[in-house]
Amino acid sequence: MPAPRTVLLTGAAGGVGTQMRSLLPGYGYELRLFDVAPLEDEPAAITADLADRAALRRAVDGVDAIIHLAGISLESTFEKILKANIEGTYHLYEAAREAGVRRVVFASSNHAVGYHPFPPGDYPLPADRLLPVDVPHRPDTYYGLSKSFGEDLAQMYWDKHGIETVSVRIGSCFPEPTSVRMLSIWMSPADGARLFHAALTAEDVGHTVIYGSSANTRVWWDLSSARALGYEPQDDSERFAADLLAERGELDPTNPDEMYLGGQFVTKPPIWPH
Ligand SMILES: NC(=O)c1ccc[n+]([C@@H]2O[C@H](COP(=O)([O-])OP(=O)(O)OC[C@H]3O[C@@H](n4cnc5c(N)ncnc54)[C@H](O)[C@@H]3O)[C@@H](O)[C@H]2O)c1
């Protein structure tokens, strides 16, 4: 596969999208931007909902690859998650199939496996204690369920249509970790860009699932499938650890709010329509 150059970035107005808009052009990509929220400073951006199949067809036309970030990024009602994340991701893959786009990078989430307890032990954990990438889905919310669906959709579009996907179970991609849990799953924006670049350029990925974090001393999961794509994380959340631990203390492995990978998402009650 020739290295992709023109890349559709859905969810370009969001937190991760905004970071990637500033970082990915440094890797030589030309980004085409898509979001339901207007991007005032980007006149060429496509402002449309993932439900708008005609707009999606225009968006994918002529791109080499897609980074799919758009969607609801927290828990919501099943109806809203269904429309934006489940149907929206389906519409995106259909547009990709129709246009012959060969590679997607899908923003999955730790919440697809959020009910796995975090591995106990002293940091850094030995390799055999890290959560493997092939554990069963254990979604912690309708949101996490939509990411499990997205990973399965990606698998089906690979098996049936030959569209390759790297599904990235992103931990927390923010400029700094702001909780003790995030010390384990934080992905610096610079490492996020390194990871997306690796996911766009690695050869023969089929459908590959990876965890998305920096090389944190307190990492809970196995980054080897990400490293196998050429990802070399450069950051470690440990420089933030002393302050966060002094303020909040270590995680309590007996507290349901703190004992699982998904953190407080596991104890969130379902949100009903209102
Ligand atoms: N930020 C993280 O740490 C993190 C962690 C795990 C997974 N993710 C996933 O990564 C992606 C980006 O996360 P983020 O933090 O930037 O989220 P965000 O909420 O800041 O951005 C999401 C963007 O998607 C757009 N969007 C929502 N519904 C849409 C629709 N129907 N059609 C078109 N656009 C729509 C929103 O307008 C928004 O700009 C999301 O899919 C999220 O689930 C993020």
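Biologist: At what angle do the axes of α3 and α4 cross?
Modeller: In this predicted model, the axes of helix α3 (residues 78–99) and helix α4 (residues 142–161) cross at roughly 15° and come within 10 Å. Angles under 35 degrees count as roughly parallel, so α3 and α4 are roughly parallel to each other.

Biologist: Is that crossing left-handed or right-handed?
Modeller: The crossing of α3 and α4 is right-handed.

Biologist: Which residues meet there?
Modeller: From α3, they include F78, I81, I86, Y90 and R97. Among those they meet in α4 are Y142, Y143, F149, L153 and H161. The residues of this contact divide into 11 nonpolar, 4 polar and 2 charged.

Biologist: Which backbone atoms come up against ligand oxygens?
Modeller: A polar backbone atom of C173 lies 2.6 Å from a ligand oxygen. For G15, a backbone N or O atom is 2.9 Å from an oxygen atom of the ligand.

Biologist: Changing topic, where is the cis peptide bond?
Modeller: It joins Y123 and P124, with omega about -10°. P124 is in the loop between β5 (103–109) and α4. Most peptide bonds are trans.

Biologist: And what is the phi of D204?
Modeller: D204 has a positive phi of about 50°, although it is not a glycine. D204 is in the loop between α6 (189–201) and β7 (207–212).

Note on methods: Residues are numbered from 1 along each chain as its sequence is written. This is a predicted model: local features need pLDDT of at least 70, side-chain atom pairs count only at pLDDT 80 or more; totals for chains, interfaces and linings use all residues. Side-chain values use heavy atoms; hydrogens and water are left out. Axes are lines fitted to C-alpha atoms, for helices over the stretch in contact, and angles run from 0 to 180 degrees between N-to-C directions. Helices (H or I, at least four residues) and strands (E, at least two) are DSSP runs, numbered from the N terminus. Angles under 35 degrees count as roughly parallel, over 145 as roughly antiparallel, 65 to 115 as roughly perpendicular and the rest as oblique. A crossing is left-handed if the near helix is turned anticlockwise from the far one by less than a right angle, and right-handed if clockwise. Contact means heavy atoms within 4.5 Å. Ala, Val, Leu, Ile, Met, Phe, Trp, Tyr, Cys and Pro count as nonpolar, Asp, Glu, Lys and Arg as charged, and the others, Gly among them, as polar. A polar contact is a pair of N or O atoms within 3.5 Å; within protein, one must be able to donate a hydrogen and the other to accept it, and residues adjacent in sequence count only if both atoms are side-chain atoms.
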